[in-house]
Amino acid sequence: MKLKIITLLFAITAAYPECFAQQYFQQEVNYRIKVELDDSLHFLSGFEEIEYVNNSPDNLEYIWFHLWANSFSDNNTALAKQKLELNGKRKLFEIDSQRGFIDSLDFKVNGKAVSWSIDKDHIDICRINLNEPLKSGGSITITTPFYVKIPGGSSSKFGHVD
């Protein structure tokens, strides 16, 4: 009896493999970044060009970005809360010189301005609303200038010391 059940399951799996596995895809993102470092004031200023290829089966109406430098802006970010919990650092980003951030963003998609917003609960995440859906298999070019304040100290592989 066990052999018949195993044979039946094998036959079903062989005939309908899509029933047992998700279709895998990975988005393709290619970056070109021009940046200048002001090592006396601890700032980066630059311009980023991103080619985004939609390899998902869905059309996309928006894209999420992680604004990593904003993770260092205050003690309310997910990174700061994790550092406080793990290391017990009570005043991690309370001193202005220890804080970091990104600003001066002006996102465009294929040369056209788009609306975007920072997540109200996570200031290190933003949503870019596309003017028209990005079709499955399609690609777009996203551009933005940026200005980054490098945080003081050495927290989570990003920062400066003197």
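Predicted model: local features only at pLDDT ≥ 70, side-chain atom pairs only at ≥ 80, totals over all residues.
Colleague: I would like to begin with the sheets, so which strands form the open sheet, and in what order?

Modeller: As a general idea, side chains in a regular strand alternate between the two faces of the sheet. In this model, an open sheet is formed by 3 strands in the order E3-E8-E7, with antiparallel pairing. Strand E3 (60-66) and E7 stand at the edges with a single partner strand each, so one side of each has no neighbour in the sheet. From one strand to the next, the twist averages 25°.

Colleague: How many bridges join E3 to E8, and which residue stands opposite Trp-64?

Modeller: E3 and E8 run antiparallel and are joined by 6 bridges, and Trp-64 of this pairing stands opposite Arg-127 in E8.

Colleague: Turning to strand E9, which strand pairs with E9 over 11 bridges?

Modeller: That partner is strand E2 (residues 43-53), which pairs with E9 (residues 139-149) in the antiparallel sense, and within E9 the bridge partner of Phe-47 is Pro-145. E9 also pairs with strand E4 (residues 101-103), again in the antiparallel sense, over 3 bridges, with Asp-103 standing opposite Tyr-147. Strand E5 (residues 108-109) runs antiparallel to E9 and is joined to E9 by 2 bridges, and here Val-109 stands opposite Ile-142.

Colleague: Which residues is Asp-124 in contact with, leaving aside its neighbours within four places in sequence?

Modeller: Those residues are Phe-65, His-66, Leu-67, Asn-70 and Ser-71. With Ser-71 there is also a polar contact of 3.1 Å between the two side chains.

Colleague: Finally, where is Asn-110 placed?

Modeller: Asn-110 is found in the loop between E5 and strand E6 (112-113). When neighbours within four places in sequence are set aside, Asn-110 is in contact with Ile-140 and Thr-141.

Note on methods: Residues numbered from 1 in each chain as written. Heavy atoms only, no water. Polar contact = N/O pair within 3.5 Å; in protein donor to acceptor, adjacent residues only side chain to side chain. Contact = heavy atoms within 4.5 Å. Pairing = 2+ DSSP bridges. Helix = DSSP H or I, 4+ residues; strand = E, 2+ residues; numbered from the N terminus. Axes fitted to C-alpha atoms, helices over the stretch in contact; angles between N-to-C directions.
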